[in-house]
Amino acid sequence: MSAPVFDSVIHAPGRLQICAMLSAADEVEFSVVRDGIGVSDSVLSKHVRQLEEASYVKVRKAAFAGRQRTWLGLTANGKAAFAGHVAELTRLAGLAGVPISA
């Protein structure tokens, strides 16, 4: 388990949702993430760029079924940062007396 560390890059709601989705798979198609968190292409692109600049997300473009598709995945740094952020949120919730169920 990663040490609890609050990460301001991940903490923004959209980026937190992106990291949560990406943590469940090796890669997720851009459109699936966009639809999953309910934002526009431009909003998702902005969040992905910030996560990519922090070395938390990798972007892969490839042709699929005759179209260019974009795939997103967490890097090893991203997985560790997300796990640490979730651990810190869990720790903070515990301090506030919020029940945590597993």
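This is a predicted model: local features need pLDDT of at least 70, side-chain atom pairs count only at pLDDT 80 or more; totals for chains, interfaces and linings use all residues.
Student: Is alanine 65 buried or exposed?

Tutor: The reasoning needs one cut-off, namely that a relative accessible area over 50% counts as exposed. Alanine 65 has a relative accessibility of 68%, and therefore counts as exposed.

Student: Which residue in the loop between helix 4 and strand 2 has a positive phi although it is not a glycine?

Tutor: That residue is serine 55, with a positive phi of about 65°, and it lies in the loop between helix 4 and strand 2. Its relative accessible area is 38%, so serine 55 is partly exposed. Serine 55 is also one of the residues that threonine 75 touches, the others being Tyr56, Val57 and Lys58, when residues up to four places away in sequence are not counted.

Student: Where does threonine 75 lie, and which backbone nitrogen lies 3.0 Å from a polar atom of its side chain?

Tutor: Threonine 75 is in the loop between strand 3 and helix 5, the helix that covers residues 76–95. The backbone nitrogen in question belongs to glycine 78, and it lies 3.0 Å from a polar atom of the threonine 75 side chain.

Student: In what order do the three strands form the sheet?

Tutor: A general point about strands comes first: in a regular strand the side chains alternate between the two faces of the sheet. Here the three strands form an open sheet in the order 1-3-2, with antiparallel pairing. The edge strands, each of which pairs on one side only, are strand 1 (28–29) and strand 2 (57–64).

Student: How many bridges join strand 2 to strand 3, and over how many do strand 1 and strand 3 pair?

Tutor: Strand 2 and strand 3 run antiparallel and are joined by eight bridges; within that pairing, lysine 61 has threonine 70 in strand 3 as its bridge partner. Strand 1 and strand 3, the latter made of residues 67–74, also pair in the antiparallel sense, over two bridges, and here valine 28 has leucine 72 in strand 3 as its bridge partner.

Student: Why does glutamate 29 count as buried, and which residues does it touch?

Tutor: Glutamate 29, which is found in strand 1, has a relative accessible area of 14% and is therefore buried, the limit for that class being under 20%. Setting aside residues up to four places away in sequence, glutamate 29 touches Arg69, Thr70 and Trp71. By comparison along the chain, glutamate 29 and phenylalanine 6 are 23 residues apart, and their C-alpha atoms are separated by 27 Å.

Student: At what angle do the axes of helix 2 and helix 3 cross?

Tutor: In general, two packed helices are described by the angle between their axes and the distance between the axes. For helix 2 (residues 13–23) and helix 3 (residues 30–37), the axes come within 10 Å and cross at roughly 125°. Helix 2 and helix 3 are therefore oblique to each other, and their crossing is right-handed. The meeting residues are Gly14, Gln17, Ile18, Met21 and Leu22 from helix 2, with Val32, Val33, Gly36 and Ile37 from helix 3.

Student: Which residues are in contact with aspartate 41, leaving aside its neighbours within four places in sequence?

Tutor: Aspartate 41, which lies in helix 4 (residues 41–53), is in contact with Phe30 and Arg34 when those neighbours are left aside. The C-alpha atoms of aspartate 41 and phenylalanine 30 are separated by 8.5 Å, the two residues being eleven apart along the chain. With a relative accessibility of 40%, aspartate 41 counts as partly exposed.

Student: How many helices and strands does the protein have, and how do the elements run from the N terminus on?

Tutor: The protein has five helices and three strands, and from the N terminus on the elements run α-α-β-α-α-β-β-α. Along the principal axes, the C-alpha atoms fill a box of roughly 50 × 25 × 25 Å, and 32% of the 102 residues count as buried. Among contacts between residues at least 6 apart in sequence, 55% join residues at least 24 apart.

Terms used
Residues are numbered from 1 along each chain as its sequence is written. Side-chain values use heavy atoms; hydrogens and water are left out. Two strands pair if DSSP finds at least two bridges between them. Helices (H or I, at least four residues) and strands (E, at least two) are DSSP runs, numbered from the N terminus. A polar contact is a pair of N or O atoms within 3.5 Å; within protein, one must be able to donate a hydrogen and the other to accept it, and residues adjacent in sequence count only if both atoms are side-chain atoms. Contact means heavy atoms within 4.5 Å. Buried means under 20% relative accessible area, exposed over 50%, partly exposed in between (1.4 Å probe, protein chains only). Axes are lines fitted to C-alpha atoms, for helices over the stretch in contact, and angles run from 0 to 180 degrees between N-to-C directions. Angles under 35 degrees count as roughly parallel, over 145 as roughly antiparallel, 65 to 115 as roughly perpendicular and the rest as oblique. A crossing is left-handed if the near helix is turned anticlockwise from the far one by less than a right angle, and right-handed if clockwise.
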